[in-house]
Amino acid sequence: LPVSDAERFAAGWESGQRPPGEWELRMSPVRSMVSMVGQELTGDADITLTAARELAAAGIAVHALRASSAAMSFVVDSERADDAARQLHHLFVESRP
């Protein structure tokens with residue numbers, strides 16, 4: 001998200017234009033979220049652990065992660081976000097029969 005868009009989004013968030021429920025907004029110009037979306041991604045904790053370990057083995061620091069039944073998201077350094085996406089794609093798409 002470009003900085004100007006992020007600033008506009010944050011201003012709207014603070015003015016009350018947010019989804020219902022409890023939310024916390026954290027924005028960082030040096031962190032990015034890389035996500036995988038698919039059916040039953042976290043039916044087995046090994047899938048999430050494998051992804052995190054593969055990113056670490058590639059020298060990509062995982063600062064946070066979130067997993068649901070339909071998606072896994074990893075917070076990584078922005079300068080390594082493209083590498084993280086490629087690594088996850090290779091692991092879960094290219095290397096599958």
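Tutor: One term comes first: a residue is called exposed when its relative accessible area is over 50%, and buried when that area is under 20%. By that rule Val3, Glu7, Arg8 and Glu14 of α1 are exposed. Keep in mind that this is a predicted model.

Student: Which residues of α1 are buried, then?

Tutor: They are Ala6, Gly12 and Trp13.

Student: What makes you say that they sit on the same side of α1?

Tutor: Around the axis they cover an arc of only 125°, which puts them on the same side of the helix. The exposed residues Val3, Glu7, Arg8 and Glu14 are on the other side of α1.

Student: How do you know that the length of α1 agrees with 1.5 Å a residue?

Tutor: The expected span is 1.5 Å times one less than the number of residues. With 12 residues, α1 should span 16 Å, and its end C-alpha atoms are 16 Å apart, so the two agree. After the helix comes Gly16, with a positive phi near 100°.

Student: How do you know that α2 passes that test?

Tutor: Its 13 residues, 45-57, should span 18 Å, and the end C-alpha atoms are 18 Å apart, so α2 agrees with the expectation.

Student: Which residues of α2 are buried, and what makes them one face?

Tutor: The buried ones are Thr48, Ala51, Ala52 and Leu55. Seen down the axis of α2, they fall within an arc of 95°, so they line one face of the helix. Arg53 and Ala57 are exposed on the other side.

Student: What do the buried residues of α2 pack against?

Tutor: They pack against β2 (62-67), β3 (71-77) and α3 (81-94).

Student: Why is Ile60 called buried?

Tutor: Buried asks for a relative accessible area under 20%. Ile60 has 3%, and therefore it is buried. This residue is in the loop between α2 and β2.

Student: What is Ile60 in contact with, beyond its neighbours within four places in sequence?

Tutor: Its contacts there are Leu55, Val76, Arg80, Asp83 and Ala84. Contact here calls for heavy atoms within 4.5 Å. Leu55 is itself one of the buried residues of α2.

Student: How large is the largest pocket, and which residues are closest to its centre?

Tutor: The volume is about 850 Å³. Of the 20 lining residues, Arg26, Met27, Ser28, Arg31 and Met33 are the closest to the centre. The elements that give two or more residues to the lining are α1 (3-14), β1 (31-37), β2 and β3. Among these, α1 gives the most, with 5 residues.

Student: How do the lining residues divide by type?

Tutor: There are 12 nonpolar, 4 polar and 4 charged residues in the lining.

How values were computed: Residues numbered from 1 in each chain as written. Predicted model: local features only at pLDDT ≥ 70, side-chain atom pairs only at ≥ 80, totals over all residues. Heavy atoms only, no water. Helix = DSSP H or I, 4+ residues; strand = E, 2+ residues; numbered from the N terminus. Buried < 20%, exposed > 50% of the residue type's maximum accessible area, 1.4 Å probe, protein only. Arc of directions from axis to C-beta. 1 Å grid on protein atoms, 1.4 Å probe; cavity = no way out; pocket = protein on both sides within 12 Å on 5 of 7 lines; lining within 4 Å. Points joined across faces, edges and corners; volume = space filled by probe spheres on them. Nonpolar A, V, L, I, M, F, W, Y, C, P; charged D, E, K, R; others polar.
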